[in-house]
Amino acid sequence: MRLAIPLTITFVAGMIMILQFFVPATQSLGESLQEWYMIVASFAIFLGAMNLITVHVHKIRFRAKNWKYSPVTIAGFAAMVLTGLFMGIETGRPFDFMFTTMMVPMGATMFSLLAFFVASAAFRAFRASNWRATLLLASAFIVMLGRVPIGSMIWNRIPLVSEWIMQVPNLAGQRAVMIGAAMGMVATSLRMIFGIERSYLGGTD
């Protein structure tokens, strides 16, 4: 029963979500399932919050590695939650002030550092060891050069070439990847609906 009930629920819910695109009579039921999904998914926020507090309290209690960051995490989490619940999230409130003056600058800092890591990784990866790597290196160089003012100063058509690379070969590759990912999602969904894929049950046999 522990295995049969989840598999049955998955099969019924999956079939309803598929049929709602082809059978008009099941559309209302499919919409109801989507609303139920949003309700269930919203409870994941509380589970995530409880897990966050539990993990960091455990690190503080046992003096785990880098435990000194845990009180800051808990204090920041509590401050954002309490100010948002009791004072609102409108513009000018403490929640908005902390978000715009702390969260946004820290996020911008992280993405700025990420740009340097990406550049260094690209430098290591784009080594002209074969013709494919050479083509990738040349394309990346042209695209980056076309995104800065010095590119048009060198040759006024470099931005046009950069835009063509982004809109034609790059977009074609992105669409191929998206189609492959969509086919993989369909295959995985069908495996879950028919009970072939059971990893979401947490290893239940």
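Domain bounds, as the word domain is used here, come from an automatic or database domain assignment. In this predicted model, that assignment divides the protein into domain 1, covering residues 1-87, and domain 2, covering residues 126-205. The centres of domain 1 and domain 2, taken over C-alpha atoms, are separated by 30 Å.

The two domains touch through a contact that takes 9 residues from domain 1 and 9 residues from domain 2. Between domain 1 and domain 2 an area of about 760 Å² is buried, and carbon and sulfur atoms give 79% of that area. On the side of domain 1, the residues that lose the most area to domain 2 are Leu3, Leu7 and Thr10, which together make up 57% of what that side buries.

The axes of helix H2 (residues 27-61) and helix H3 (residues 69-87) come within 9 Å of each other and cross at roughly 150°. Because angles over 145 degrees count as roughly antiparallel, H2 is roughly antiparallel to H3. The crossing in which H2 passes H3 is left-handed.

| Helix | Residues in the contact |
|---|---|
| H2 (residues 27-61) | Ala49, Leu52, Ile53, His56, Val57, Lys59, Ile60 |
| H3 (residues 69-87) | Ser70, Pro71, Thr73, Ile74, Phe77 |

Note on methods: Residues numbered from 1 in each chain as written. Predicted model: local features only at pLDDT ≥ 70, side-chain atom pairs only at ≥ 80, totals over all residues. Heavy atoms only, no water. Axes fitted to C-alpha atoms, helices over the stretch in contact; angles between N-to-C directions. Helix = DSSP H or I, 4+ residues; strand = E, 2+ residues; numbered from the N terminus. Parallel < 35°, antiparallel > 145°, perpendicular 65-115°, else oblique. Left-handed = near helix turned anticlockwise from the far one by under 90°. Contact = heavy atoms within 4.5 Å. Buried area = accessible area lost by both parts, 1.4 Å probe.
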